[in-house]
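Subject: Model handover

Hello,

Here is the model for you to open. My notes follow below it.

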Amino acid sequence: QLKCEQAFELSDASAERSAAGCTIKLDKEPIIEYLESNIVMLKWMISEGYGDERTISRRIVAMEKWLENPQLMEADPNAEYAAVIDIDMNEITEPILCAPNDPDDARLLSEVQDTKIDEVFIGSCMTNIGHFRAAGKLLQNNSQGALPTRLWVAPPTKMDAAQLTAEGYYSIYGTVGARTEMPGCSLCMGNQARVADKANVVSTSTRNFPNRLGKGADVFLASAELAAIASIMGKLPTPEEYLEAMSFVNTTAADTYRYLNFDELPDFIKAADTVNIAEDIKADLKNL
């Protein structure tokens, strides 16, 4: 059962597969969890003066109305598809990367292992807060001292960055010499900071088109965990090296990969409790 954040990552990646659109079937439970969290976050935004209060309030009321009677769109039982591709996840026994410089050139880690890596980027909309915790734990568990690579870290949102700071992960990034970027797109955008010319790079971004991250750079697309391990080793690990490093993270997976649920964070809850939605907005949306 996917969480909404995981579904977002898959749908974001679908654009790089030349998809005109992407839908992912989820059960009600993760959507309810996500909306309950976001209602608190939106109320916090109002309390902090973000955006237009009435616009945000309408979104809150619409979410609350759906939560009263959750209904999801479903495919017709007799729907016909151009193709059906079944993938048995149990058959995937090692990480899969996209090789330079084509997001459609998928390779098993064993096919590209030991490739020298100069720079690593962990960030973009393909990551969530759990990935940054996992990277932090891998970096903290590194006994080799200074990294042999240049590591860039850019959480997707300011809220992620604030929570990671509170949990001590930014201290870990600083200790290993990582360059922490302003939350957002960073290197993935292709028109802000850049990697060195002709560098070998591992990136968690959505795309690795030629020259996007740096002039003449060869960019592998990979998970945050694999990227962190590559930053420590200065190369793409073997599958065995990857699994050995990940065994440490897997022991704390429940804590590492928990999402940023704002309805469980005291500061956000306290701020949300101070927000009252205007009655006319509630009335306007009552009959939708």
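The expected span of a helix is 1.5 Å times one less than its number of residues. Helices (H or I, at least four residues) and strands (E, at least two) are DSSP runs, numbered from the N terminus. This is a predicted model, where local features need pLDDT of at least 70, side-chain atom pairs count only at pLDDT 80 or more, and totals for chains, interfaces and linings use all residues. Residues are numbered from 1 along each chain as its sequence is written, and side-chain values use heavy atoms, with hydrogens and water left out.

Helix 3 comes first. This helix covers residues 53-68, which is 16 residues. The span should be 22 Å, and the end C-alpha atoms lie 23 Å apart, which agrees. Ile56, Ser57, Ile60, Val61 and Met63 are buried in helix 3 (under 20% relative accessible area; exposed is over 50%, partly exposed in between; 1.4 Å probe, protein chains only). These residues sit on the same side of helix 3, because their arc around the axis is only 160 degrees. The arc is taken from the directions from the helix axis to the C-beta atoms. An α-helix has 3.6 residues a turn, so residues three or four places apart point the same way.

Now the strands. Two strands pair if DSSP finds at least two bridges between them. Strand 6 (residues 200-203) is covered on both faces. Asn200 and Val202 are buried on one side, Val201 and Ser203 on the other. Strand 6 pairs in the parallel sense with strand 3 (residues 119-123), over 3 bridges. It also pairs in the parallel sense with strand 7 (residues 218-221), over 4 bridges. Val201 is the bridge partner of Glu119. In strand 7, Val201 has Val219 as its bridge partner.

Glu119 belongs to strand 3. Its relative accessible area is 4%, so Glu119 is buried.

Ala230 is one of the buried residues of helix 8. Helix 8 (residues 224-233) has 9 of its 10 residues buried, so the rest of the structure largely encloses this helix. Gly234 follows helix 8, with a positive phi near 75 degrees.

Last, Ile96. Ile96 lies in strand 1 (residues 96-98). With a relative accessible area of 44%, Ile96 is partly exposed.

Best wishes
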